[in-house]
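Please look at the sequence and the model before reading on.

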Amino acid sequence: MKKILLPLVVIAVGFIFVFSAFKPEDTYTSATLKTYVPSVTVQRKLSEMTLREKIAQMIVSYSDGFEISENSGEFKRVKKLIQNEKIGGLIFFKGNSLQEASLINQFQTLSETPLLISADFERGTAMRLNDGSLFPSNMGLGATRNSALAYQMGLQIAKECRAIGVHQNYAPVMDVNNNPNNPIINVRSFGENPELVSQMGDAMIKGLQAGNVIATAKHFPGHGDTDIDSHSDLPVLNFDMTRLNSVELIPFKSAINTGVKSVMIAHLSFPAVDNTPYLPSSLSEKLVNELLINELGFKGLVVTDALNMAGVTKHFSTKKVATLCVDAGIDLILMPQGETETINAIEAAVKNGSISEHRINTSVTKILEAKEWLGLFNNKLVDESLIPSVVNSTEAKSIAQKIADESITLVTDNDNLLPFKNVSDKKALVISLNNGNETANTQYFFNNFVAYNKFASYETYDLTGDLNNNSEILNTANSYDYVIVPIYAKVKIKTGTVGIPASQLNLINSLLANGNKVIVLSMGNPYLIQGFENVNAYVCAYGDSEASINATLKTLFGEIPFKGKLPVSISSVFTYGTGIQK
């Protein structure tokens with residue numbers, strides 16, 4: 001009896017030591033991580049795994065997570081990967097909170113070693129769940145200059161993550177968006193100033209990890225100055241290290257000092273660091289092992305961006321990607337194009353001596369340590385009955401509204417039109433413009449305009465894509481005192497643009513030429529003013545969440561003041577920090 005009891009006591013003491021030393025609210029410095037010795041639990045788990053099982057811990061497969069029955073091909077595919085290959089993690093994309101939690105519990109029950117569950121919840125769980133919470137964009141947060149709100153947002157997202165069984169959030173975006181033509185980052189960034197990005201990102205990291213969720217700083221070494229979407233091709237950034245150190249790397253260095261537990265590597269080519277043709281940072285030993293791990297001192301989990309993206313798949317086979325990931329220093333291989341093929345390739349490389357088993361052990365030790373920090377060896381399941389009280393709660397909506405209320409930025413107001421005053425005898429024409437790349441929350445705007453409206457009357461147009469009725473609209477506009485134009489131009493992968501069609505720009509400029517008083521509301525991309533700089537008034541909301549729409553309407557009609565300041569320079573005239581406070 002004593003021989004059985006003693007090891008159990010040692011394991012329990014080791015487990016308690018780790019959690020007392022690594023509480024979720026702690027700040028994790030790289031120095032702390034360097035001195036951390038794997039616990040008895042982690043060492044035992046590692047020693048019990050075969051080589052193939054250890055390699056499988058590095059694999060993160062995907063699941064849509066939406067209405068999957070046990071008889072579906074999708075369920076059987078994931079079940080096989082869990083039970084036969086013993087993969088280490090999953091990323092989920094679709095569904096609602098109850099469905100996803102139920103599915104995660106099922107998959108956790110099938111797995112011998114707890115699964116590390118991840119998701120892209122940059123702006124809240126509604127990015128993937130149809131009943132989740134949705135916060136204003138990161139750029140909206142940047143406009144507030146209020147890092148306390150970023151912390152609260154991170155903590156609330158963490159609460160919702162843990163409620164449904166998600167352990168790693170691929171957020172925050174630490175890219176410095178200093179390219180107005182960037183087709184994929186844009187409002188996902190906190191701004192163009194490295195210090196602002198660091199301040200807001202660090203606060204969100206602290207909030208997420210205070211909620212016992214692994215935060216992930218992305219997309220290292222910086223995706224902010226690109227004009228190609230890496231979902232479609234491989235961007236090549238021809239910067240030198242002086243530029244990289246003075247701009248792109250500043251937020252990542254700050255995140256590492258703050259104690260971020262994970263960093264995601266971008267599919268970007270940086271010839272100044274690694275000039276191997278077509279080699280993305282995510283597969284580069286010079287970018288990952290030498291720069292991130294050795295030079296910057298990062299000791300946490302290193303994860304690739306999704307390996308189904310064209311920035312990788314256009315140039316490398318699944319087998320080659322697998323071994324390059326390990327050689328580079330990657331710990332978590334996200335969405336490889338063939339999980340079994342990936343495991344086979346790495347196993348073969350270890351057996352032929354081109355990759356050492358010590359290298360595999362290094363990554364797997366970090367993965368198991370993360371699972372222990374998350375408490376998964378103690379309890380890997382969630383109580384589904386608690387979900388409705390946590391996900392998209394009143395508290396979540398309140399935080400979202402606070403952020404939105406402080407974010408709305410009045411960029412220019414040439415004729416002192418805003419907030420609207422003495423308009424009870426005036427008429428307004430509301431023309432909603434959408435570039436057609438993404439669903440816009442136009443109906444919510446129209447519905448709530450009714451509640452705030454102080455005009456005698458108004459009419460609405462809801463227009464998408466190329467326009468062929470400009471003359472009709474221009475004639476109509478002659479009968480109105482004000483023309484309000486909310487524009488929904490937002491980031492969407494593989495579209496290559498966050499602008500609006502020329503016909504929509506022509507409409508705005510024709511309205512201005514006709515002498516109409518035009519107020520443009522940017523409900524997404526703030527840089528649009530470059531197409532109509534002489535607009536009467538320009539307001540940036542940085543997104544079309546319900547909270548952002550509410551805040552926009554409240555500022556327009558004077559219920560709250562305009563508080564936001566531009567976190568980016570949107571033209572040569574309207575630069576970083578611009579914001580009329582009234």
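In which crossing, left-handed or right-handed, does α19 pass α20? The crossing is right-handed, a term for a near helix turned clockwise from the far one by less than a right angle.

## Basis of the description

This is a predicted model, in which local features need pLDDT of at least 70 and side-chain atom pairs count only at pLDDT 80 or more, while totals for chains, interfaces and linings use all residues. Residues are numbered from 1 along each chain as its sequence is written, and side-chain values use heavy atoms, leaving out hydrogens and water.

## The helix pair

Helix α19 spans residues 470-477 and helix α20 residues 502-513; helices here are DSSP runs of H or I with at least four residues, and strands are runs of E with at least two. The two helices pack at an angle of about 25 degrees, their axes 10 Å apart. Angles run from 0 to 180 degrees between N-to-C directions. That angle makes α19 roughly parallel to α20, the term for angles under 35 degrees.

On α19, the contact (heavy atoms within 4.5 Å) is made by Asn470, Ile473, Leu474 and Ala477. Ser503, Asn506, Leu507, Ser510 and Leu511 contribute from α20.

## The sheet

Six strands form an open, mixed sheet in the order β9-β14-β13-β12-β10-β11. Its edge strands are β9 (409-413) and β11 (457-464); pairing requires at least two DSSP bridges. Four bridges join β9 to β14 (residues 537-540) in antiparallel fashion, and Leu410 has Val539 of β14 as its bridge partner.

Terms used
Angles under 35 degrees count as roughly parallel, over 145 as roughly antiparallel, 65 to 115 as roughly perpendicular and the rest as oblique.
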